[in-house]
Amino acid sequence: MVRQTRPRVTIRHMTEDDISDVLAIDRALVGDRRVLTYADPVESYIGGSLAVSWVAVVNRKVAGFALCRVVEPGLGTVGGAWIELIGVDPGAQHKGVGKALIDRLVDYCREKDLQQVSIIASRHDDVLRQFFGTAGFKQGDAISYTLRLEQ
């Protein structure tokens, strides 16, 4: 039996130079339908200050990202980090890249005395639900309300 070793994953702050790699990974995961919502990712910030967003590098190539922002306390919430978007290149999945991103974000939040990390995911997205459950996330108190409009 051949034992596969996990690649060395380096996590660093995202820079503007990483945006094209991040969008390419996002496109590989969900196609053009979500990417089109980010007309100008730098201006609209895919999550706030780039200093709170991270990329995972494997073999000198961006293999994953976590686009995050810090949320101030208010409206019944505590301060913390909000994950706007997370993704791992399909060829780098199941190799510890996503876990390394989450671990770095959690360490950052602890360094900044933030109290929680949050993300919204579809209740039908079994992959994300399993990933975040394995990472220790629990379902929060917020409920999403939607009003569907007739066309």
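The buried residues of α4 (97–111) are covered by elements that include β1 (10–13), β2 (54–58), β3 (61–71), β4 (80–88), β5 (117–119) and α5 (126–134). Buried means under 20% relative accessible area, exposed over 50%, and partly exposed in between (1.4 Å probe, protein chains only). Helices (H or I, at least four residues) and strands (E, at least two) are DSSP runs, numbered from the N terminus. The model is predicted: local features need pLDDT of at least 70, side-chain atom pairs count only at pLDDT 80 or more, and totals for chains, interfaces and linings use all residues. Numbering runs from 1 along each chain as its sequence is written, and side-chain values use heavy atoms, with hydrogens and water left out.

The buried residues of α4 are Val-97, Gly-98, Ala-100, Leu-101, Ile-102, Leu-105, Tyr-108 and Cys-109. An α-helix has 3.6 residues a turn, so residues three or four places apart point the same way. The expected span of a helix is 1.5 Å times one less than its number of residues. For the 15 residues of α4 this gives 21 Å, and the end C-alpha atoms are 21 Å apart, in agreement.

The largest nonpolar core has 21 residues. Such a core is a set of buried Ala, Val, Leu, Ile, Met, Phe, Trp, Tyr and Cys residues joined through side-chain atoms within 4.5 Å. Ile-83, Val-97, Leu-105 and Val-117 have the most contacts inside this core. At least two of its residues come from each of β2, β3, β4 and α4. The largest share, six residues, is supplied by α4. A second, separate core has eleven residues, including Ile-19, Val-22, Val-57 and Leu-67.

Contact means heavy atoms within 4.5 Å. Residues up to four places away in sequence aside, Val-97 touches Val-9, Ala-56, Val-58, Ala-63, Gly-64, Val-88 and Ala-92.

Asp-18 lies in the loop between β1 and α1 (19–30). Its relative accessible area is 3%, so Asp-18 is buried. A polar atom of its side chain lies 2.8 Å from the backbone nitrogen of Thr-15. Beyond neighbours within four places in sequence, Asp-18 is in contact with Arg-12, His-13, Val-55 and Val-62.

Two loop residues have positive phi. Arg-60, between β2 and β3, has phi near 65° and is not a glycine. Its relative accessibility is 85%, so Arg-60 counts as exposed. Asp-113 lies in the loop between α4 and β5. Its phi is about 60°, although Asp-113 is not a glycine. At 66% relative accessibility, Asp-113 also counts as exposed.

Notes:
Polar contact = N/O pair within 3.5 Å; in protein donor to acceptor, adjacent residues only side chain to side chain.
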